[in-house]
Amino acid sequence: MTARLSLYEKAEQELYKLDRSVKGKFYDFCHRFRENPDHPGLDLKPLKGDGRVHRAKIDQSYRALLAKIGIDADGREKWLVVAVRHRKHVYEELSVAINRITGEIEFVDLSVVGQSVLQRAGMKLTPAEREQPEAAEVPTAEPAAEAPVPAAEPLLAGLTAADLRGLGVAEQLIDLALAVTESTELDALVSGAPLLTKDILYGLAAGLPIEEVRKEITAPVDVKLPEEERHDLDAALARTAVTTIDEDLKDILEEGDFRAWKAFLHPAQAKLVDRRYTGPFRVSGGPGTGKTIVALHRVRHLAEQLPPGHSKPILLTTFTKNLTTDLRARLSYLLEPEQLARVDITHIDQLAARVLNENTLSGAGKQRIYDSVALDTLRQILLELDEKRWDPEFLYEEWEQVILGQSLGTRKAYFDARRAGRGRSVSRPDRAQIWKILEQFTTRLDKEHRETWGQAAERAARFEMQRADKIRKRQEYKDEVGGLDLKHRDDSSGMYYLGHRYKHVVVDEAQDLRPAHWKMLRAMVASGEDDMFIAGDTHQRIYDQQVTLGTVGVHIRGRAARLTLSYRTTREILNRAMEVVNPKSGRITFDDLDDGTDNLDGYRSVLRGPAPELVPCDSWDDELTRLGTTLRAWREELATGGADGAPRDPRGTIAVCVADRDAVNQVMFHLATQAGLTVAELTKDGAKGDGDIHVGTMHRFKGLEYQRLAIVGARDGVIPRASVVQRYRDTDPQRFAREELKARSLLFVAATRARDALRISWYGKPSPYLPV
């Protein structure tokens, strides 16, 4: 009899960590099992604990643990691989059940639970625990009687089995969870637990009220399972995250567990992906809560709903080019090639440039320059005018955020404009003078046939708004007249094929887009169902683009959700990073992109790990030397960190982050010449080269993540920059506060790029934002 074979998510994660040769043997095993699960060479036998779970032979050393689910329509047996273990680690404590909340198949492995927990819960010891050596008995005189040591209070004191059962904790782990008294015991317990159980127990242990756990963790995944399906494994399989074992599985396993994690959608996030929205929807949350993952799965969901065709009705956009490269790579894991071809993946400035090219005569386009170049031009004009009253940076931001941000084309419009959030107030005579200076500035740029990316975005927005207005008028005419007269009008006006560029727009890192970008995007998609899906976090705003979405036509009121569980950063790293943006000295206010305030209340991690290292150094040379030592140790640990010491490729899993651009070359030179490491620089196009260690500025790390991360040069005068402090602290307190907020956000972003280990170093005086 032939069989159908699927791979449980946890088993897939175990496979990633095994040696390549074992992966190959597992794939061969799957082929043989599908052909005949009863083949004598597979030695398929049920476990003693749960008869539905079997073990089968992969090779002399490794075993597959499988659950028999049922029979498919073609009469084939349906099996699910639930674990891949060395034969010495195959015990009888694996059990299968259906979770009463999610309706999914769950597997619980009691072999990883600590001995003390099992004893307090009144359960038998596992074979692994029976093998643990007991403390040696040393003959001594009979000890004097001592006062009894009071029993430690359980971590979940005050909760009952019914409470945990109602939240969705796996039945086999309820009594054990109530017996846990230490965080190390809890860590051991959840290491073999299903994901929902892990989230619930960590949330309760962190002190969250039971109702909050129910609302944030349990309710989003509650499928209201009918009583008749509570024991139907076949029906549960359809609700369970599994991977079909086919030809593509080999390639997936070769990519390693970090690839899978970067595309993993937590069950609590799934409802945000598949829901239908009546208009723009925004999802927010701290680093690692899965905003980008939700956005990518939203793209997949929308792509799956498209009718057959070759157009690109879905736009996926973000702020920078290197982020776009990362999004494209992640999305390629989720979509079939023909689906991926229906998605336009481009960064926002590239999209604006495309619009301008379509609306500009060939060869008549302007050279686009970066802000630093334009600022030099403005400084030159102020020098020529002998104007000392106005700071060039202030004038440039006034132009960017007020004049371009609100598309102000006349002096009168500027006089009437709101300047919310700009800090320094300006009178009517001040505005007249500012307008005159900026008019000369833009005239100079125009004569030189140059424009900034901010100008380009504003022009592109106007073109798209004009296009949208034509579409609106055409629809109004159609509704009013209709019939053949519309066809004659279309033929004569060239408007017959005119339509919105996209059916759906998905935006990642939304907090960094300019107002003009939003106006352009709003005009590119018709208002209505599932038109815009927006992911962002203002705590990670590092480009100082202040936008209220309602003022640019993107209305999200009543359509927003906030994610609070971090699945990337450990609790230890997260707690340190949170102190950067939420210092003990006082709460800092962040906006929510829509005339309200945002916060990180309830933001927490379900992961545990080592505490971040804070490393003071004697000098820059000392800092570089110690950095090299740490990186070599990290590389060695990762290279031999697979199961049973199997080697793994550490490339792209370790990174060094610096605040100062000049320091990038210094760090790379030292690591390559003195530390004996290979490096690759993070550029706007992603990592340049195939070196093991990625090195880049904090800005380049936006949206990325690494297993181990070192931040160097985190000293006062660099974070924040001494020039900013000197220029604004006394002369413009509001501007200084904004600059401080931006610097804090930058450090917060950098620190939360680390998944497992974080190291921060400096020499001299540390940054005032560091929790030291």
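Student: What volume does the second largest pocket have?

Tutor: About 2,000 Å³, where volume is the space filled by probe spheres set on grid points joined across faces, edges and corners. This is a predicted model, with local features needing pLDDT of at least 70, side-chain atom pairs counting only at pLDDT 80 or more, and totals for chains, interfaces and linings using all residues. Residues are numbered from 1 along each chain as its sequence is written, and side-chain values use heavy atoms, leaving out hydrogens and water.

Student: What makes something a pocket and not a cavity?

Tutor: On a 1 Å grid over the protein atoms alone, a pocket is an open set of points with protein on both sides within 12 Å along at least five of seven lines, whereas in a cavity a 1.4 Å probe fits but cannot get out.

Student: Which residues line the largest cavity closest to its centre?

Tutor: Gly288, Gly290, Lys291, Thr292 and Arg568, out of 20 lining residues, where lining means an atom within 4 Å of a point.

Student: Why is α19 called roughly parallel to α22?

Tutor: Their packing angle is about 10°, with the axes 11 Å apart. Axes are lines fitted to C-alpha atoms over the stretch in contact, and angles run from 0 to 180 degrees between N-to-C directions. Angles under 35 degrees count as roughly parallel, so α19 is roughly parallel to α22.

Student: Which residues make that contact?

Tutor: Trp399, Glu400 and Leu404 of α19 meet Gly454, Gln455 and Glu458 of α22, with contact meaning heavy atoms within 4.5 Å.

How values were computed
Helices (H or I, at least four residues) and strands (E, at least two) are DSSP runs, numbered from the N terminus. Angles under 35 degrees count as roughly parallel, over 145 as roughly antiparallel, 65 to 115 as roughly perpendicular and the rest as oblique.
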